[in-house]
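This report concerns the pairing of charged side chains. Side chains of opposite charge can pair when their charged atoms come close.

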Amino acid sequence: YDSWHTGSERTHLAWSTQLMPGRAPEPSPVLSLPMGGLLAEQVPGIERVVQTGWARQVLRLGEETRFQPFTLTSSAFFHLFEVDALAGDLSTALDRPWSVVLSETVARSLFGTADVVGRTLATTGGQTLTVSAVVADPPRNSSVLAESYLSLQSPIPGLQRLRDNWGMNSFRTFVQLREGAEPTTVIPAMQAAAAAKEEAGGAAGEGA
């Protein structure tokens, strides 16, 4: 569904294999958050790694509250996937903690207008979310693009516990290969990097 993105032929979703005692190996389309950084740093054939997770914030809208789902990610997401910006700079839109990018429909739903860059949203947890960009509504058949995005740098309590947790696989991890790099070469290098980390005691229970 997402083959229309430029460079899609070099973009892959990394899978992990859960190795649990007494159970058959279980493949999963998610990796741990720190594993993404490890792959980006140690595998030469990889040009870019983008990870996405999920979070739900409870927003205060006057006297009412609203549950709003967000895709957790970084500004690198918009370098990997083509998203039409209606306002704001997507190249840095999610660099700051608590910054958010909204689709036009979500922006109008929350504010009554799409002219919302710089405006803020209050959460019931006492945080202030700042709108850094507005994007076109995603195609219905996209498995990647979202209605709203929240900076992965945001110090959300549950997220903070995952930053150094090598055993909690919960982030989709998109890997874009360098020009000329082949999966048949990159995959063994990814597996070797994961295995080396596990032997060092950092990724128990996880294999790439």
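The sections below describe salt bridges and the exposure of their partners.

## Basis of the analysis

This is a predicted model, in which local features need pLDDT of at least 70, side-chain atom pairs count only at pLDDT 80 or more, and totals for chains, interfaces and linings use all residues. Residues are numbered from 1 along each chain as its sequence is written, and side-chain values use heavy atoms, with hydrogens and water left out.

Four salt bridges (a side-chain nitrogen of Lys or Arg within 4 Å of a carboxyl oxygen of Asp or Glu) are found in a search of the whole structure. In one of them, the closest N and O atoms of Arg-10 and Glu-179 are 3.5 Å apart. Arg-10 precedes strand E1 (11-14), whereas Glu-179 lies in the loop between strand E11 (172-177) and helix H5 (183-199), so the pair ties together parts that are 169 residues apart in sequence. Helices (H or I, at least four residues) and strands (E, at least two) are DSSP runs, numbered from the N terminus.

Arg-10 is buried, at 15% relative accessibility, while Glu-179 is exposed, at 65%. Buried means under 20% relative accessible area, exposed over 50%, and partly exposed in between (1.4 Å probe, protein chains only).

Glu-104 and Arg-108 are four residues apart in helix H3 (residues 104-111), about one turn of the helix. Their side chains form a salt bridge at 3.2 Å, N to O. Glu-104 is partly exposed at 27%, as is Arg-108 at 44%.

Arg-23 and Glu-26 also form a salt bridge, at 2.9 Å, N to O. Arg-23 is exposed at 52%, and Glu-26 is partly exposed at 39%.
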